[in-house]
Each structure stands twice: as C-alpha cells, then as structure tokens.
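Trainee: I would like to learn how to read a structural model step by step. Could we go through the features in turn, with the general idea before the particular case?

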Amino acid sequence: MNQGAFAPTVDRLFYLNASGQMFVISPGNEPRTMAVNEVTTDKELFCGSPAVSNGRMVLRSSTSLHCIANQANAEQFGTVRRSQSTEV
C-alpha cells in the first residue's frame with residue numbers, strides 16, 4: 001500500500017504516509033526534506049489527510065486521533081507528548 005496525504009502550510013509542506021511517518025518538506029524551487037517524524041510507534045494505518053488549524057495538526061489513524069501542536073498550544077489542552085523526530 002503506497003498511500004499518503006499532503007498538508008501545505010505557509011512555509012512548509014507536510015507529507016504523511018500510511019505507516020505514520022510525517023515528512024517535513026521546505027517548498028520552493030529546490031524542495032528538500034527538513035525532517036522525518038514518527039507519529040507513533042504503535043501499529044496504526046494512516047489514510048486520512050492531515051488537517052491544519054490554529055497552530056495544530058490533526059491526524060486520523062485506524063485506531064486513534066492525534067493532535068500535534070507546539071508546546072504552548074499543547075499545554076493549553078493539558079497534554080504534551082513528544083514524538084520521535086529525525087533531522088535530515
């Protein structure tokens with residue numbers, strides 16, 4: 001299965017593949033992968049498009065709904081969980 005979904009923002013393009021890897025891409029004439037983030041280590045299937053609003057990104061998997069935010073936004077909702085990130 002080779003599915004994935006893009007979520008554009010003002011200065012980055014996010015690509016989520018079906019296994020839950022989020023690629024952060026810098027747009028422009030010479031796009032490059034800035035980072036690869038693993039949303040979860042659980043066995044989940046990601047098929048929906050990421051939704052971006054008010055500094056948060058919502059991702060739906062086969063078993064969970066994930067909300068990714070910067071630390072200030074996450075603390076506002078009382079939960080902070082760090083994902084693994086690999087700088088490229």
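This is a predicted model: local features need pLDDT of at least 70, side-chain atom pairs count only at pLDDT 80 or more; totals for chains, interfaces and linings use all residues.

Trainee: Where in the protein is confidence lowest, and where is it highest?

Mentor: The quantity to consult is pLDDT, the predictor's confidence in each residue, from 0 to 100. The protein averages 78, and 76% of the residues score at least 70. Confidence is lowest in strand S8 (residues 84-87), with a mean of 46, and highest in strand S4 (residues 32-38), at 92. Over residues 82-88, pLDDT stays under 50. For that stretch the model has 20 contacts beyond four places in sequence, a contact being heavy atoms within 4.5 Å.

Trainee: What share of the residues counts as buried?

Mentor: Buried means under 20% relative accessible area, exposed means over 50%, and partly exposed lies in between (1.4 Å probe, protein chains only). Of the 88 residues of the protein, 32% are buried. Strand S2 (residues 13-17) is mostly covered, with four of its five residues buried.

Trainee: Which strands does S2 pair with?

Mentor: Two strands pair if DSSP finds at least two bridges between them. Strand S1 (residues 4-8) runs antiparallel to S2, and five bridges join them. In this pair, glycine 4 stands opposite asparagine 17, and a hairpin of four residues links S1 to S2. S2 also pairs with strand S3 (residues 21-26) in the antiparallel sense, over four bridges. Three residues lie between S2 and S3 in their hairpin, and glycine 20 in the turn has a positive phi of about 95°.

Trainee: What does serine 26 touch?

Mentor: Serine 26 lies in strand S3 and is buried, with a relative accessible area of 14%. Not counting residues up to four places away in sequence, serine 26 touches Pro31, Arg32 and Met34. Serine 26 and arginine 12 are 14 residues apart along the chain, and their C-alpha atoms are separated by 5.1 Å.

Trainee: With which residue does arginine 12 form a salt bridge?

Mentor: Side chains of opposite charge can pair when their charged atoms come close. The criterion for a salt bridge is a side-chain nitrogen of Lys or Arg within 4 Å of a carboxyl oxygen of Asp or Glu. A search of the whole structure finds one salt bridge. Arginine 12 forms a salt bridge with aspartate 11, and the closest N and O atoms are 2.9 Å apart. Arginine 12 is partly exposed at 29% relative accessibility, and aspartate 11 is partly exposed at 46%.

Trainee: What is the order of strands in the open sheet?

Mentor: The open sheet of three strands has the order S5-S6-S7, with antiparallel pairing. Strand S5 (51-53) and strand S7 (65-69) are at the edges with a single partner strand each, so one side of each is left without a neighbour in the sheet. Strand S6 (residues 56-60) pairs with S7 over five bridges, and leucine 59 stands opposite histidine 66 in S7.

Trainee: What do the loops on either side of S6 hold?

Mentor: Most residues other than glycine have a negative phi. Asparagine 54, in the loop between S5 and S6, has a positive phi of about 50° although it is not a glycine. At 62% relative accessibility, asparagine 54 is exposed. Serine 64 is in the loop between S6 and S7 and is partly exposed, with a relative accessible area of 27%. Leaving aside neighbours within four places in sequence, serine 64 is in contact with Glu44 and Leu59.

Methods. Residues are numbered from 1 along each chain as its sequence is written. Side-chain values use heavy atoms; hydrogens and water are left out. Helices (H or I, at least four residues) and strands (E, at least two) are DSSP runs, numbered from the N terminus.
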